[in-house]
Amino acid sequence: MTSRHPAAAHPEPAGADNRLVVGGATLTWRSLPTPALPDPAAVLAHSAVHALTAARQHAVHGTELLLSSASRVDTAMRTELLEAGFTVSVLDDDGVQPSVPAQPRAAEPGRLWLLTSGSTGRPKRVGHTFDTLTTVRADQPDRTWLCPYAPGTYAWWQVVTLSLTQPGQHLVVVEPDELDDWPRVAAACGVDAASGTPTFWRRTLYRDAVALARVPLRQITLGGEPVDQAILDQLRAVFPTARISWIYASSEVGASIVVHDGRAGFPVDWLDRETPGRPTLSVRDDELVVTSPYHGAGLAGPIRTGDRVQMLDDRVLITGRLDSDEINVGGSKVSAGVVRNVLAGHPAVAWARVTGRRAPVLGRMVVAEVVLAPANPSDPADRPDTDEAALVRWCADRLPEHAVPRRIRVLTEIPVKETLKSDV
């Protein structure tokens, strides 16, 4: 282990002079400080600017790095990282505060580690390199991107590597406590491209659609959760001329699907299509399987993603996680994602979550939680009937009887985790 920089292994990245707006300050990648990080290091960044400095340090020096916010790494994970030979280092305004492992090890040059989001259980480490995380390689039109993601997540690295490697890709980073006010910050900074989960976009529309409409967005990207037609249509209504894209990506298989046609799902004829340098998509037993050139270390070949899909007409829809999407109601299978999409299609529903609950005789029954869209401020009466009975009738008109929710609870706020997801 070493606690000082080796000679620079790479030249200054091509995006070194791109503008960064973070913590109220305007900087560039080149002007960021370069902390002397241990190697290998698990860096727990205190703020967005500290995370960016760690990313630039890796891009220039190629040291082995796992980057995360401190809140995503609990005591057990810290112990696990120390046992794996990482120096666990808090990075804040006072510099690097390291905890040295009992058994240091040699670093693996160029290795970047990601912690999975933990949607399938305890987060685990997935190995990448700066190159495998850099999936946008063609020249891009100049953009000012909003980055709302937690540091070190796959989605965060996708935006960060774009800005580091492409001139003209500027970055406005918002901290977690700024998320509810991000449209004001974005409008003031000239943000014209933004990436977020469907939950992120739903919360923004729910809280202040008028403020969102003031952001001059030309590129809108969604990913990290199932993307349904309702959220695509809502964003199209606010931004009729923007390009709206949804991306399927994960720490394990990288960015694998990109869709720009405004429709949920991807075309059936993309399945089993082999193109050099591009992921191959397949379906086995209702599960999406991906063979990708951007996979994590040790994951070559077809990788079962754990995501459940449904074929509907000419589209392949991703409905949710395989281990939680299917609800067995008296021997009949129900897709929680399909029911969720039906509820989300109601004009007065801003967000929905569908799960199974134990029930006598049937074994399980379908239940749901919803957040209702705010009424039209100019005409509060201008909203369809939205009590529980009305929502059940809406579902009954569109779903088989066994898939209709038996209980629907109304929440007052859209729940969200640090990863900008809401466990749907």
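**Strand pairing and salt bridges**

Author: Strand E3 (residues 41–45) and strand E4 (residues 65–69) run parallel and are joined by 5 bridges. The model is a predicted one.

Reader: Which residue in E4 is the bridge partner of Ala41?

Author: E3 and E4 are parallel strands joined by 5 bridges. Between them in the unit comes helix H1 (residues 48–61), and E3, H1 and E4 together make a right-handed β-α-β unit. In E4, the partner of Ala41 is Leu65.

Reader: Which residue in E5 does Val43 stand opposite?

Author: E3 is also joined to strand E5 (residues 87–92), again in parallel, by 5 bridges. In E5, the residue opposite Val43 is Ser89.

Reader: Turning to charges, how far apart are the closest N and O atoms of Asp131 and Arg137?

Author: Side chains of opposite charge can pair when their charged atoms come close. A salt bridge requires the nitrogen to lie within 4 Å of the carboxyl oxygen. Asp131 and Arg137 form such a bridge, and their closest N and O atoms are apart by 3.2 Å.

Reader: How many residues apart are Arg263 and Asp314?

Author: The side chains of Arg263 and Asp314 meet in a salt bridge with an N to O distance of 3.0 Å. The pair links distant parts of the chain: Arg263 is in the loop between strands E14 and E15, Asp314 is in the loop between strands E18 and E19, and their separation in residues is 51.

Reader: Is Glu369 buried or exposed?

Author: Glu369 forms a salt bridge with Arg409, at 2.4 Å from N to O. This pair also links distant parts of the chain, with Glu369 in strand E23 and Arg409 in strand E24, 40 residues apart. The relative accessible area of Glu369 is 17%, and the limit is under 20%, so Glu369 counts as buried.

Reader: Which residues are linked with Asp180 in a network of salt bridges?

Author: The structure holds 24 salt bridges. Some of them form a network, in which Asp180 is linked with Arg203, Arg207 and Glu413.

Technical notes. Residues are numbered from 1 along each chain as its sequence is written. This is a predicted model: local features need pLDDT of at least 70, side-chain atom pairs count only at pLDDT 80 or more; totals for chains, interfaces and linings use all residues. Side-chain values use heavy atoms; hydrogens and water are left out. Two strands pair if DSSP finds at least two bridges between them. Helices (H or I, at least four residues) and strands (E, at least two) are DSSP runs, numbered from the N terminus. A crossover is right-handed if, with the strands pointing away from the viewer, the path from the first strand over the helix to the second runs clockwise. Buried means under 20% relative accessible area, exposed over 50%, partly exposed in between (1.4 Å probe, protein chains only).
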